[in-house]
Amino acid sequence: TTSNINGTTNLVIRGTMLFSVGVFLALVLNLLQVQRNVTLFPPDVISSIFSSAWWVPPCCGTASAMIGLLYPCIDSRLGEPHKFKREWSSVMRCVAVFVGINHASAKVDFANNVQLSLTLAALSIGLWWTFDRSRSGFGLGIGIALLATLATQLLVYNGVFQYTSPDFLYIRSWLPCIFFAGVITMGNIGRQLALYEYKVVQEKTHQD
Amino acid sequence: MTLRERLREKISAAFYHHGLLCASYPVPIILFTSASILTCCYPLLRLPLPGTGPVEFTTGVRDYTVPSHEPQGDLGERPDWYRGPPVAYIQQVLVKAAVSPWDSSLVPVDVFRSPLGRVFSLLEEIRNHVHSDSTGVRSLEALCLQVTDLLPGLRRMQSVLPEHGCLLVSPGNYWQNQRELFDSDPDPLKTIQKHEPKGLHTSATLRDLLFGVPGKHTGVSHYNRKRVVTYTITVVLVSYDTRFLGSLRSRLKQLHPSANCSLRDDHMVHVHFKEEIGIAELIPLVTTYIILFAYIYFSTRKIDMVKSKWGLALAAVVTVLSSLLMSVGLCTLFGLTPTLNGGEIFPYLVVVIGLENVLVLTKSVVSTPVDLEVKLRIAQGLSNESWSIMKNMATELCIILIGYFTLVPAIQEFCLFAVVGLVSDFFLQMFFFTTVLSIDIRRMELADLNRRLPAEAGLPPPKPGPLRPREAPPPPRPSPHTITLQTPAFRNLRLPKRLRVVYFLARTRLAQRIIMVGTVIWIGILVYTDPAGLRTYLAAQVSEQSPLGDSGGGGLPPHLGVAPVFHAGDPTSTLSVLPAPEPTPLPENQSQGHHGSAGAGPRPQVPPAVPQITWGAEDEEGWRRLSFRHWPSLFSYYNITLAKRYISILPVIPVTLHLSPQEAIETRHPQDTRHPPPPIPKVSADLQTDLTLYKVAALGLAAGVLLVLLLFCLYRVLCPRNYGQNGVAHGRRRRGDLPCDDYGYSPPVSEISPLLLRGHSMDIECLASDGMLLASCCLAGQIRVWDAQTGDCLTVIPNHGVFMTQTDEGDLLRRRSVPARPTLFTDQPDLTPLIDTNFTCQPPSHLATPPRGGFDFGGLVEPDRASTAGTQATADWDSSVWAMELRGNLIAAGRSSGKLELWDAVEGSLRCSNEDGVSGITALAFLNNRIVAARLNGSLDFFTVEINKPLGLLQYRGAPGRGSMPPSPCYSSEDVISCQLTRSVQCAHQKPITVLRAAAGRVVTGSQDHTVRVYRLEDSCCLFTLQGHSGGITAIYIDQTMVLASGGQDGAICLWDVLTGSRVSHVYGHRGDVTSLVCTTSCVISSGLDDLICIWDRSTGIKLYSIQQEVGCGASLGVISESLLVTGGQGCVSFWDLNFGDLLQTVYLGQSSDGQGVRQLLVLDNAAIVCDFGSELSLVYVPSVLEKLD
């Protein structure tokens, strides 16, 4: 029973960490996207960012917590533990590349939307290849990205949420790639956290 | 597959060689790398420094045309941002207004109320100005910048700033540009103040925006003593029309002439603004940097098992950063100008390039076997990871190449930087990081070496001297036999290089001097360049001393009813031009009234009776005094960014307004008279200025005193010790003194205590070592093996084996040949330590053994039997050991009977023996698996030791150390060892061979027949016969670097080139035999029978100096490091500093100084020396010399 309690506490701790990471990344990346339209921030933009769509960061946080817990879970279910580059430095590199993809999509001027979406897709696949390379990760990433895009589109369609740019295709093209990269990144973090927990448990059993 | 394998092998080999190179020449490689980094970064100097300050460019107004977008060829100094039309043209109308003459009936509010009121009519004039000519009619409405809404966040400014129309700002905006509102405003100052932000505000305030001049220069206050109000009307134009602006200018000038105005109006200034980074933009940037640092932290945390983690982590980061810098520099060199924001893409570049390779390299190198040599470790580590490094690099290059084909310019540029960065990173990893790693690993080995030294080596004096717990005999002595020389001389041994650098800095007080000079220069620069600094301050003071300053001297404020004093006949007034409409002359004056108030402190200046309106050079470009964020913030209110764009500021239009007191009184608001009068000045201005000057002087003095005190404190804090006091007495350093004598630092007194190894019953004859083990043989024929590190006796091979009673004839024959020796030694007293000289004193055990000549069947004995029963009668006990060598754990002993025996040093068993030769072995050399034996009859025998391993593997035992000793093979007890005579050179020399040395694959023999012969070890082939001595050869030195020196009975020393066989130099140095020869990289050291030690320069053959030793001291020499020589004397060993020839220390080996001389002296790897001392061996550690050479 103690191990069960330990397990749930660990799960909660992991979930909280993932949630906070997700919230933080959502805030920062939202800021990046806003930057695309406003080059120089007037004083009130920051407050409007934090106030207007207040529910977006928590949603992202929850989603990232779920994804980050789901990945190690699926790994263990499938019985193929992830062994590729299990180091914090690699995870940090992955996060940096993810932020970089967002940065590129926000800052770089692309000639057309096809180019943008192709570049982003290539970058996302590259991210997966560099840091993940597992079939389960790829599948889960694709699935979640599609779901998330669909949900966003539904929200936009219902008018709950609105994009500054009216281009429908434009939105559709870059969103899935960003979602995919985000899923891979959060999965990477979740796996690393799970590995840490696993190690701690192992050490404890060794001590016993 | 085969191709891949081959490629892999080649890459691995290349990396291996590269690793060897890096580890062998660390300093040149690091220098080379630094030079190339600097070279590649040199183009970066041409790039503009990052900063957000605006850049200016001035052009003439007359020939101004809007610059084209395309860059043109002959632009010269034209900056590259000056392309295309500007965001806007700024036309300022600078209004200076004053009520004149000042009437005593006026109240302070009158100073600004009516001048401000005139803005509305001026605005009307500007708005309605129309210029019409043949090309058409132009009005301001058509030319000005039309703005729309303010940003949504600026609701409170809506009433003040224009919306939906021309961007035209003036103080009139406070009252919505309506005269009626202004007139009905009871307190205009309050209205202005209302819009000011609360608290500290650094950027442009609304007041600055509307007035167009800095707030304190406007003169809109109750305490304006100059009574001149300054403000601007700022018109923002979107297009430039010369005719319209010209007509506007002339119209305004015509309406309001400024008579004494000489403002230049032929230059317009273009101001380019850099990208401004706000807090909101900073957040993502900071996030990326946080992630970057986390990445670097987690990466470098993995560095382990090295001497200095931080050092290596720093090296890794330096590698990545300088590769990035190199990449930018190279790209700039080849004409690509970076357009991306460096700060933004930098973290991503670091992440792409990554620290992985560096970490992999470190890991691979530290996981190589520790006992290998450093360069081998580096090479092996490199070659282990070569394939993965190359593969990773190829993959990354491929990915980046794919990125290059996205055809998005920004991504292409990023990829270009990344590719060049990757390549330069690879270069730096290979050259810089590998070398740093090799240095680090070497340091770690040194540290290990230090730890391995026994504690006795560096004990403080109160501790008892040599104490071997297992070797009980010597009782703890109070070490009277250990004499310590004067401490300063020994310091050279103890001080590491970095300490010497520190002491050098301390002695010369370099740091303090630099700090002092730097501070003085800094203060000087500060004083002379700071706009608020001393220069302007003094200039202001001087200008206020002009007679104008006391124009109102003693005058009382007008409202007190005292008439103002007019100085109509003021001498300065003649200098000024009389303005036409003015009834009174206008003397020149500073319009900057604030200086006076700042300098005069609480006593304000007496206001002039007639407000002076002057135009100075500072009015020409009054906008310069505004915050540099003035224009960006004005535009940003309308969501127009000036980042990376420029605006053109046109020359100001000066407007002078003189209002009559009547007008001022008319425009008064009823409440205006209620304001309090300004304070009353009491002291004359004359005194005031004097006082101010005194104050300046006093302040300066105080600041100077404070500075001196501060520096003094700084000095005391930084240098608490009195370095100088002891140094003064010594005076200048003499040559030959040690560099660290001048300051009173005395290192702890250190002593070198010899460690006596006891056990032999007779004098020690032969001594051999391979760095780990030490073998000694005494006259009694007993061989003892010692641990060279600890001095423990490991094995004793006694000579009292089972003696056979049988005799055979061959043995008798051998015995007959022995007596030839005494005759030989009559003319050759002590040629080489390896030859038994003390023939008269035969060991008593020899004499006591009645049956001479034990039967030996060593050659016939089966090897396995020998290993099990080695101590049985296989050895030739009655013949003495004349020569002995030790390699690995094999002792080769050459006996007087001509028999060569191989003993196991650890087990003490005889492994094999060879008795092919009959003449006594006078010298032995044991190199790799070859043994060379020189015999008394002048023949030279080459033996091969063959090891038949049961498992066939040959393990190498660590002997990382001096180049002369290659890693020794370690023979296990199961091995079958056989010793075969491969070649015997019967007549190597005509006369007996006296010296035999082997190194670097060469065997060198010296003989009585005056010749030196060089043989190749592999095929026993005689390469050269070197002739040059006119006496028998007595000493030979050869080492790994193929330097060959020989000394003869004629006292001559010859240096030879081993490769060509030519004589390099030939010097005579000694009267009598040369007894010993040693070389370092720079000099040759010889000792002779004349008790002289001579030190020669190796390249030129010039004698540097010689040391006269005591008579009868030993002839043994050893070089511990490049600068430390050790010589054996009578019962003592002496350490000499080779650079200066100073005696550093003499260590007495026994209690009585009249002991036996030290005849043999070996330098071990761990900076220990071992020498014979009668029947004892003495192991002396030199703790401070821990240089590792390789």
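A: Accessible areas come from the Shrake-Rupley method with a 1.4 Å probe, and for residues only the protein chains shown count as cover. This is a predicted model, in which local features need pLDDT of at least 70 and side-chain atom pairs count only at pLDDT 80 or more, while totals for chains, interfaces and linings use all residues. Residues are numbered from 1 along each chain as its sequence is written, chains are lettered from A and ligands numbered from 1 in the order in which they are written, and side-chain values use heavy atoms, with hydrogens and water left out.

Chain B has an accessible surface of about 54000 Å², 60% of it belonging to carbon and sulfur atoms. Of its 1190 residues, 51% are buried (under 20% relative accessible area; exposed is over 50%, partly exposed in between).

Side chains of opposite charge can pair when their charged atoms come close. A salt bridge here is a side-chain nitrogen of Lys or Arg within 4 Å of a carboxyl oxygen of Asp or Glu. The count over all chains is 14.

One of them joins B:Glu396 to A:Arg93, with the closest N and O atoms 3.5 Å apart. This pair crosses between chains, from helix α14 (residues 374-404) of chain B to helix α4 (residues 88-107) of chain A. Helices are DSSP runs of H or I, at least four residues, numbered from the N terminus. B:Glu396 is partly exposed at 22%, whereas A:Arg93 is buried at 8%.

Within chain B, B:Arg895 and B:Glu901 pair at 2.8 Å, N to O. B:Arg895 is buried at 2%, and B:Glu901 is buried at 0%.

B:Arg138 also meets B:Asp133, at 3.7 Å. Here B:Arg138 is buried at 14% and B:Asp133 partly exposed at 27%.

Technical notes: Buried means under 20% relative accessible area, exposed over 50%, partly exposed in between (1.4 Å probe, protein chains only). Helices (H or I, at least four residues) and strands (E, at least two) are DSSP runs, numbered from the N terminus.
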